[in-house]
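Dear colleague,

I am handing over the structure below, and my notes on what was found in it follow directly after.

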Amino acid sequence: MDLKLNTAEMDAAFAQLSLRLTDFTGVMQDIGELMIESTKQNFVDGTDPDGKAWAPKSQATLDAYAGRNESVSVRPLIGPSKSLSTTIFARHDATSVSWGSNMIYAAVMQFGAQAGEFGATIGRDKNGREFFVSTPWGNIPARPFIGVGPEDLTAITETISDWLERADEGG
C-alpha cells in the first residue's frame, strides 16, 4: 500500500516558519523599543541598568551652572536642555539591535572621564584674556545609562518567547 501526501501546504508552512526564524526584524524592533523605554526609565530613577544609583552631581558642577545663571536639576545626567535623556534611539535589522544617544558627550557620561583626559581648550575670561581649560575640567564619574539589567533580560526573553509562540501558531 502506498501513501501519498500532498506536502504543498506543509512545505508552505515550513517556509513561513523558516522565514520567521531567520528574519528577526520584527522582534529586534520590539526589543529596541523595550530598551529605549528602559533606558529612559534609568534617567527617571537615576540608576544604571542593574538598579545601582548614579553618583550625584558634584558641588563644582552645581556651582558652575549657578555661575552661568542656569537653573539645573540636582539629578545626575539631567542638564538644562535634558537632551541626553530625550535623545535615546534604537536601530535594528534582521539580526541585531542597538540603542543609544547621538549626543557628543554620551560616551563620557556612560563611561566617565578623568580631568584633562581629552586635552585642553583655550578659554577667555571676562577681560578677554586667554587661559587653558582642561577637557573635561573635572573628573566625571561613570554613570551607565545604557545596558541590559535583570528586568530587561526578563522582558527581552518574554518578547522572544511571544514571537516564537506566534511563529509556532503561524501568526
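Leu21, Ile160 and Leu164 make up a nonpolar surface patch with about 240 Å² of accessible area together (Shrake-Rupley method, 1.4 Å probe; patch residues have over 30% relative accessible area and no salt bridge, and nonpolar side chains are joined within 5 Å; a salt bridge is a side-chain nitrogen of Lys or Arg within 4 Å of a carboxyl oxygen of Asp or Glu). This is a predicted model, in which local features need pLDDT of at least 70 and side-chain atom pairs pLDDT 80 or more, whereas totals for chains, interfaces and linings use all residues. Residues are numbered from 1 along each chain, and side-chain values use heavy atoms, without hydrogens or water.

Ile160 belongs to helix H6 (helices are DSSP runs of H or I with at least four residues, strands runs of E with at least two, numbered from the N terminus). In H6, Asp152, Ile156, Thr159 and Ala167 are buried (under 20% relative accessible area; exposed is over 50%, partly exposed in between). Because these four cover an arc of only 75 degrees around the axis, they sit on the same side of H6 (the arc uses directions from the helix axis to the C-beta atoms). Pro150, Glu151, Asp168 and Glu169 are exposed on the face turned away from that buried side.

In the loop between H3 and H4, Leu77 has a positive phi of about 65 degrees although it is not a glycine, and Leu77 is buried at 9% relative accessible area. Asn69, in the loop between helix H3 (59-67) and helix H4 (83-86), has a phi near 55 degrees, but counts as exposed at 75%.

Best regards

Methods:
Buried < 20%, exposed > 50% of the residue type's maximum accessible area, 1.4 Å probe, protein only. Patch = residues over 30% accessible without salt bridge, like charges linked within 9 Å, V, L, I, M, F, W, Y side chains within 5 Å.
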